[in-house]
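This report describes the fold, the surface and the pocket of one protein. Please consider the sequence and structure shown here.

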Amino acid sequence: MKNKDFLLSIALNIFLAYLWTFLIYLIFDFVKLKDNTLLFGIVLASIGTLLFAEVIRRVNPFIKYKITHPVKIAGFISFGLISIANLYWVNL
């Protein structure tokens with residue numbers, strides 16, 4: 001386990017968090033134009049998030065590590081922090 005793995009995992013997950021936030025905002029901007037926005041938005045956001053999770057799983061070079069591996073945990077934390085920060089910052 002190297003520092004390079006930690007930094008790569010954090011950088012990759014920060015980038016993916018920005019992409020996921022962008023995807024969610026695109027979906028909700030699209031849904032505003034439709035009828036029954038809440039149900040349609042939740043369904044599309046759920047499907048988009050599941051597809052995005054599958055892409056992340058296949059793109060991530062750290063797939064061979066267990067879920068409790070420190071490199072994976074650092075990636076999850078960076079993804080979560082950036083996603084929460086973006087969702088909070090844009091809603092202000």
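Buried residues, those under 20% relative accessible area with a 1.4 Å probe and protein chains only, make up 28% of the 92 residues in the protein. The model is predicted: local features need pLDDT of at least 70, side-chain atom pairs count only at pLDDT 80 or more, and totals for chains, interfaces and linings use all residues. Residues are numbered from 1 along each chain as its sequence is written, and side-chain values use heavy atoms, with hydrogens and water left out.

The protein has three helices and zero strands, where helices are DSSP runs (H or I) of at least four residues and strands are runs (E) of at least two, numbered from the N terminus. The C-alpha atoms fill a box of roughly 50 × 25 × 15 Å along the principal axes. Among contacts (heavy atoms within 4.5 Å) with a separation of 6 or more, 68% join residues 24 or more positions apart.

The protein exposes about 6,700 Å², an area computed by the Shrake-Rupley method with a 1.4 Å probe. Carbon and sulfur atoms supply 73% of this area.

The largest pocket has a volume of about 240 Å³. Of the 14 residues that line the largest pocket, Ile56, Arg57, Asn60, Lys72 and Phe76 lie nearest its centre. The elements below each give two or more residues to the lining; α3 provides the largest share, five residues.

| Helix | Residues |
|---|---|
| α1 | residues 3-31 |
| α2 | residues 37-59 |
| α3 | residues 70-91 |

A pocket here is an open set of points on a 1 Å grid over the protein atoms alone, where a 1.4 Å probe fits, with protein on both sides within 12 Å along at least five of seven lines; lining residues have an atom within 4 Å of a point.

Notes
Buried means under 20% relative accessible area, exposed over 50%, partly exposed in between (1.4 Å probe, protein chains only). Grid points are joined across faces, edges and corners, and a volume is the space filled by probe spheres set on the points.
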